[in-house]
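User: I am new to this structure. Please take me through its sheet and its surface.

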Amino acid sequence: RDAHGVLELVRVDLGGPAAHVARKCAADIHQRRQFREFTTLAAAGRFRLVVITATKEKAAALRQSLDQHDWPSGLRIHCSIVPDL
């Protein structure tokens with residue numbers, strides 16, 4: 001949980017294609033959708049999917065691939081760039 005009461009799920013890009021990473025993220029979220037509490041958190045903007053990658057280019061490719069998926073209403077998605085990954 002961050003300081004603002006947002007629960008985060010962090011997925012680290014280990015170098016696979018952006019579409020593969022996006023599918024893994026979608027699977028992570030799909031597993032959680034069965035829980036009413038998750039849906040409530042997401043709808044309130046209190047759940048964030050964070051994807052960590054090494055470059056701006058990969059972050060852009062990830063964002064494009066992530067946009068191809070159906071996400072719960074209110075789900076926040078953030079791509080974080082860590083060059084030393």
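A few questions and answers follow.

Analyst: This is a predicted model, where local features need pLDDT of at least 70, side-chain atom pairs count only at pLDDT 80 or more, and totals for chains, interfaces and linings use all residues. Residues are numbered from 1 along each chain as its sequence is written, and side-chain values use heavy atoms, without hydrogens and water.

User: In what order do the 3 strands of the open sheet stand?

Analyst: Strands are DSSP runs (E, at least two residues), numbered from the N terminus. Two of them pair if DSSP finds at least two bridges between them. S1 and S2 pair in the parallel sense over 6 bridges, and 6 bridges also join S2 (residues 47–53) to S3. The order is S1-S2-S3.

User: Which strands stand at the edges?

Analyst: The 3 strands form an open sheet in the order S1-S2-S3. Each edge strand has a single partner strand, so one side of each is left without a neighbour in the sheet. These are S1 (7–12) and S3.

User: Which residue in S3 does arginine 48 stand opposite?

Analyst: S2 and S3 run parallel. Facing arginine 48 is arginine 76.

User: Is leucine 85 buried, partly exposed or exposed?

Analyst: Leucine 85 lies in the segment after strand S3 (76–81). Buried means under 20% relative accessible area, exposed over 50%, and partly exposed in between (1.4 Å probe, protein chains only). Leucine 85 has 49% relative accessibility, so the class is partly exposed.

How values were computed. Helices (H or I, at least four residues) and strands (E, at least two) are DSSP runs, numbered from the N terminus.
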